[in-house]
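User: I am new to this structure and would like a close look at one part, the place where the ligands are held. Please take me through it step by step.

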Amino acid sequence: MSNIRIIAPEEMERQRGYGEKVRAYYAARRGGGEYGAPLACVRTYGCQQNVSDSEHIKGMLAEMGFGFTEEPEQADLILFNTCAVREHAQDRVFGNVGALKNIKRRRPGVLIGLCGCMVQQEHVAEKLKKSYPFVGLVFGTHVLHRFPELLYEALTDGRVFERPAVDGVIAEDIPIHRDGKFKAFLPIMYGCNNFCTYCVVPYVRGRERSRDPDRIVEEARQLVREGYREITLLGQNVNSYGKGADHGVDFPELLRRINAIEGDFLIRFMTSHPKDATPRLFDTIAACEKVARHFHLPFQSGSNRVLKAMNRGYTREQYLDLIAYARRVIPGISFTSDVIVGFPGEMREDFEQTLSLIREVGFTSLFTFIFSPRDGTPAAKMDDPVPAEEKSAWFREMTAAQEEIAAAQSAAMVGQTRRALIETAENGYLEARLPENIVVRVEGDPALVGRRAEVEITGARSWILLGKIAEVL
Ligand code: SAM
Ligand code: SF4
């Protein structure tokens with residue numbers, strides 16, 4: 001039996017009521033709207049899940065009558081949606097929030113708020129309470145749907161700090177304001193049960209819980225109807241979708257159902273965990289023509305000793321077997337990954353195992369991180385004898401190795417004609433993205449942004465391919 005609690009429709013209705021109150025509050029303050037709509041500046045840090053949460057925050061704000069600005073100086077509400085995964089990301093938020101103090105001094109009517117993973121941590125909330133008195137609204141990851149109510153309280157009743165540890169909650173029907181017109185994020189699950197020893201996510205996002213498959217498929221269908229060309233299914237561990245739920249639909253089955261929707265669109269998903277990536281999943285991808293032939297499969301380390309200390313639940317050999325199986329059943333599939341260097345106790349021999357795995361797989365690109373100790377996680381208490389300079393040297397060695405691999409792969413693509421999505425027009429060029437996430441720069445009419453095209457690859461630079469449009473689809 002699942003212990004997921006779906007927020008009741010009456011509660012969502014109650015929130016819409018608060019939204020009306022917020023609208024009335026600003027109308028009254030502005031003398032009946034004489035100065036136009038209030039403006040919100042929403043800044044997002046961290047991963048795609050946060051980007052998706054911010055789209056819902058903006059959806060609620062739009063429903064409350066807000067317009068949007070990128071400039072904190074012009075905003076009535078400044079809201080930072082924060083990330084806690086690495087110390088560096090957190091320091092940046094504290095720095096940027098500190099810089100807002102002067103805005104609040106000059107314009108006391110502005111409301112400054114923080115939400116997301118970082119503020120779900122007790123010590124962060126305490127620091128904000130004590131040392132950042134100009135921050136008037138702080139809310140955690142489990143109460144996103146109550147944003148209208150919390151905003152109204154902060155506007156009318158003083159500082160609000162609402163970050164309960166409630167868990168297992170799914171809120172449906174939150175309005176959404178998508179930034180993109182042809183690429184959409186679609187969350188399929190929330191939270192994580194894996195407790196990798198370095199990672200703060202399970203503590204700040206709660207236990208894994210999957211959304212109802214019918215709702216997901218209906219949302220995907222609606223996106224296709226609206227003309228979206230690419231749908232990215234989101235979750236901390238998408239391939240454990242459905243575990244513990246009563247509906248009996250797992251991730252491969254969900255992929256099949258979305259793939260069956262009629263239309264010209266590409267399905268992506270992230271992030272996957274190697275311990276839950278099964279041959280059946282790869283067989284499903286092979287059978288689903290709309291699923292991108294690209295897999296983001298974080299391996300974190302190539303050393304079995306370090307993988308064990310990380311509590312990852314697979315070995316180097318198992319990871320390589322998965323890659324080999326996938327390449328067998330899905331010709332042309334490409335891989336990207338996440339890697340951590342300098343995990344506590346990692347030695348040069350371990351790092352060399354990571355390097356050799358990188359060379360053996362030949363990833364298209366890597367997200368590379370130096371271990372960052374996070375409060376409350378087991379790894380933060382582990383012995384960590386390797387000096388920071390040595391970790392940085394390993395890090396540079398790893399990125400250089402990856403650059404070499406990527407350059408060779410790019411050079412080998414010259415002469416191919418591939419299908420790509422034209423995403424941006426800048427400085428006289430269009431940028432088109434291949435399914436494996438590589439960008440090809442082409443010449444063409446900016447009106448083609450959002451269209452798919454066959455692109456002939458004519459040259460390769462270190463980070464980008466050059467090409468020309470062979471046919472617009
Ligand atoms: N759930 C996903 C997974 O398992 O791959 C991604 C979660 S996390 C937001 C994204 C990446 O950040 C992880 O894959 C890991 O490489 C990195 N990361 C997480 N905690 C870290 C830490 N304490 N120090 C350095 N990198 C970390
Ligand atoms: Fe963090 Fe591991 Fe969960 Fe990914 S799978 S969110 S790295 S605990």
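**The site around ligand 1**

A nitrogen atom of ligand 1 lies 2.9 Å from a backbone N or O atom of Tyr198, a polar contact in the sense of a pair of N or O atoms within 3.5 Å, where pairs within protein must also join an atom able to donate a hydrogen to one able to accept it, and residues adjacent in sequence count only if both atoms are side-chain atoms. For Gln236, a polar backbone atom is 2.7 Å from a nitrogen atom of ligand 1, and for Ser372 a backbone N or O atom is 2.8 Å from a nitrogen atom of the ligand. On its own ligand 1 has 560 Å² of accessible area, of which the protein covers 92%; such areas come from the Shrake-Rupley method with a 1.4 Å probe, and for residues only the protein chains shown count as cover.

This is a predicted model, in which local features need pLDDT of at least 70 and side-chain atom pairs count only at pLDDT 80 or more, while totals for chains, interfaces and linings use all residues. Residues are numbered from 1 along each chain as its sequence is written, chains are lettered from A and ligands numbered from 1 in the order in which they are written, and side-chain values use heavy atoms, with hydrogens and water left out.

Around ligand 1 there are 15 residues, the closest being Tyr198, Gln236, Gln300, Asp338 and Ser372, where a residue is counted if one of its heavy atoms lies within 4 Å. This shell divides into seven nonpolar, four polar and four charged residues, with Ala, Val, Leu, Ile, Met, Phe, Trp, Tyr, Cys and Pro taken as nonpolar, Asp, Glu, Lys and Arg as charged, and the others, Gly among them, as polar. Strands S15 (334-341) and S16 (365-370) each give at least two residues to the shell; helices (H or I, at least four residues) and strands (E, at least two) are DSSP runs numbered from the N terminus.

A pocket is found on a 1 Å grid over the protein atoms alone, as an open set of points with protein on both sides within 12 Å along at least five of seven lines, whereas a cavity is a set where a 1.4 Å probe fits but cannot get out; lining residues have an atom within 4 Å of a point. The volume of the largest pocket is about 980 Å³, a volume being the space filled by probe spheres set on points joined across faces, edges and corners. Its lining has 42 residues, with Cys47, Val85, Arg86, Gln236 and Asp338 nearest the centre, and helix H2 (48-63), helix H7 (201-205), S15 and S16 each supply at least two of the lining residues.

Among the residues around ligand 2 are Cys192, Phe195, Cys196, Tyr198, Cys199 and Gln236. Phe195 lies in the loop between strand S10 (189-190) and H7, and has a positive phi, near 50 degrees, although Phe195 is not a glycine.
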